[in-house]
Amino acid sequence: MQGTARGEGRRLAARHRNIELGLLALAVAVCLAGHIDADLALTGKMPPGLLVHGLALGGLAGAAHLAVRRFAPYADPLILPLGVFLTGFGLMLLDRLDISYAAAHAKKGDYQKLPAAPSQLMWVFVSVAVAIALIALIKHHRFFQRYVYLLMTGALILLAAPAFFPGRPEDFGAKRWIRLFGLSFEPDEFVKVAITIFFAGYLMASRDALALAGRKIWGMTLPRGRHVGPVLAIWVVSLLVLVFERDLGTSLIFFGVFVVMLYAATERTSWVVLGLLMAVGGAAVVGTVEPHVHGRVEAWLHPLDIYKEHHDPAIISDQPAEALFSLGTGHLTGTGLGSGRPWLIGFAGRSDFVFTTIGEELGLAGVTAVLLVYLLLVQRGLRTAVGLTDPFGKLLATGLSTALALQVFVVVGGVSGLVPLTGKALPFLAAGGSSLLANWLIVALLIKLSDSAGRTALEPAPPSPDPLPAQAGPAGRAAAPGGPAAVDPGPNPNPTAPSGPNPTAPELTLPRPAAPGPDPDRTEVNPAAPHPPAGQSPYGYHPAPQSPFPPNPSTA
């Protein structure tokens, strides 16, 4: 029975891997079809190097699939295809925008004429290779549990480092980059992964203390004052990032992930309410006193005022208005790939405004489809959290899924006018090696976590050892090994009567336990009980080990 269940689990896992392979082929085919459609609309020709691009993307997807099949055979079959589709779709959008930028900025001679897709393709190779290495080398996700404080220390150093590097005009006031030796990277993308791992380890160890209730105010039970310290510390750090680095998106994601994981660990709504109040209050204060953040808030509240002859000087950007024009042009089905004008937003290909290309050329239908892909990836992460049995894994899967969901929310919300612009990169789609590498690390971690959850669900638990012989009960009667326990009849209602079995009661006969198992003929006789008649077992059935004939079916 154990071998049958294990074999069935392995067959189901192999079927999942075959489903994953088919979905990977579909994802690569859809992305290549998008390349063909966009280039035909822009140039009237097939895209150059289509075969090489298709083989490269398909080869990377195949290598990742083989790594999952070998080192994470029980992983969720949707996580990898969703990551490959979003990455390939982003490459298609960048290539489409490069063609328009090359034509529009050829005479200007600025950096916008330089293509972004080739460097992004290089980062795709690096990111997928790092993800494969993590899947192959990390045997279990609890490996990171040993280094949570080391990761937190490194994350805080990386988080504070950009404040000491001078910003450039193309950064538009934000300080999110570290530039050394001509290279630049965005450390906050890696910080969100490291801090999520730390939160999972810290909350697993402290969830009992944080779940304690304190005073009740307005019908809501608040946490105890001495346990609010960690939340205040995280809140202060997020505000410092907002003030000194002018990075609204990182602050929202940083604090939001902690509050969601705190709720998942303690199941107390009071933490969520307290976190929302602190986030809104801190953002309101910083948005009022910090000029750069205040300008983004004004541009969000009054996006079209930038075109007035006399407008508020705090409004420093026309990007929100241009994004609304681009999204409004798309209507329901869009203008078609290559037929719109998203390049009018000067740096859409290198920022979160790549999302306006989807809205303008694929319309509301395309925007909905892309958001559903993100939602499905987040849902698979949360489903993994539900299937895991260890608290660290549950919190880690929840935190990684929340970080991805919050980043998509702040980017899409900023471009569509729902929230102020944050400047964060849209995961997998926007140009940027740091963002792409960090998001592929999240994909690799979710694959390892889902492998643990799938192994628990599909592989049966190891067999328990043979039970010890049952001891005699208070009535002086032992339970049959491997069979149902004898029912305790309770105290003797007549203390003067003998404590042995009632001679007038019908004899209880139990079935012989099925082999293999303990020897049914091995008995333990309670010396306090009267000796049974010859040939009769104290358990009520009639074993006859010396007889060659089978027992009577009516009594066996």
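The largest nonpolar core contains 106 residues. Such a core is a set of buried Ala, Val, Leu, Ile, Met, Phe, Trp, Tyr and Cys residues joined through side-chain atoms within 4.5 Å. Buried means under 20% relative accessible area, exposed over 50%, and partly exposed in between (1.4 Å probe, protein chains only). The residues with the most contacts inside the core are Phe89, Phe199, Leu203, Leu426, Phe428, Trp440 and Ile447. Leaving aside residues up to four places away in sequence, Phe428 touches Gly83, Leu86, Thr87, Gly90, Gln120, Tyr374, Leu377, Leu404, Leu436, Asn439, Trp440 and Val443; contact means heavy atoms within 4.5 Å.

The model is predicted: local features need pLDDT of at least 70 and side-chain atom pairs count only at pLDDT 80 or more, while totals for chains, interfaces and linings use all residues. Residues are numbered from 1 along each chain as its sequence is written, and side-chain values use heavy atoms, with hydrogens and water left out.

The whole structure holds 11 salt bridges, each a side-chain nitrogen of Lys or Arg within 4 Å of a carboxyl oxygen of Asp or Glu. Three of these pairs are listed here.

| Salt bridge | N to O distance |
|---|---|
| Glu8 and Arg11 | 2.9 Å |
| Arg380 and Asp76 | 2.8 Å |
| Glu189 and Lys424 | 3.5 Å |

Glu8 and Arg11 lie three residues apart in helix α1 (residues 2-43), so about one helical turn separates them. Helices are DSSP runs (H or I, at least four residues), numbered from the N terminus. Glu8 is partly exposed at 41% relative accessibility, and Arg11 is partly exposed at 48%.

Arg380 and Asp76 are buried.

Glu189 and Lys424 are buried too. Together with Asp188 and Lys192, they are linked in a network of salt bridges.

Helices α11 (residues 319-330) and α12 (residues 354-361) pack at about 25 degrees, their axes 6 Å apart. The angle makes α11 roughly parallel to α12, a term for angles under 35 degrees. Axes are lines fitted to C-alpha atoms over the stretch in contact, and angles run from 0 to 180 degrees between N-to-C directions. On the α11 side, Ala323, Ser326, Leu327, Thr329 and Gly330 meet Phe355, Thr356, Gly359 and Glu360 of α12. By class, this contact has three nonpolar, five polar and one charged residues.

How values were computed:
Helices (H or I, at least four residues) and strands (E, at least two) are DSSP runs, numbered from the N terminus. Angles under 35 degrees count as roughly parallel, over 145 as roughly antiparallel, 65 to 115 as roughly perpendicular and the rest as oblique. Ala, Val, Leu, Ile, Met, Phe, Trp, Tyr, Cys and Pro count as nonpolar, Asp, Glu, Lys and Arg as charged, and the others, Gly among them, as polar.
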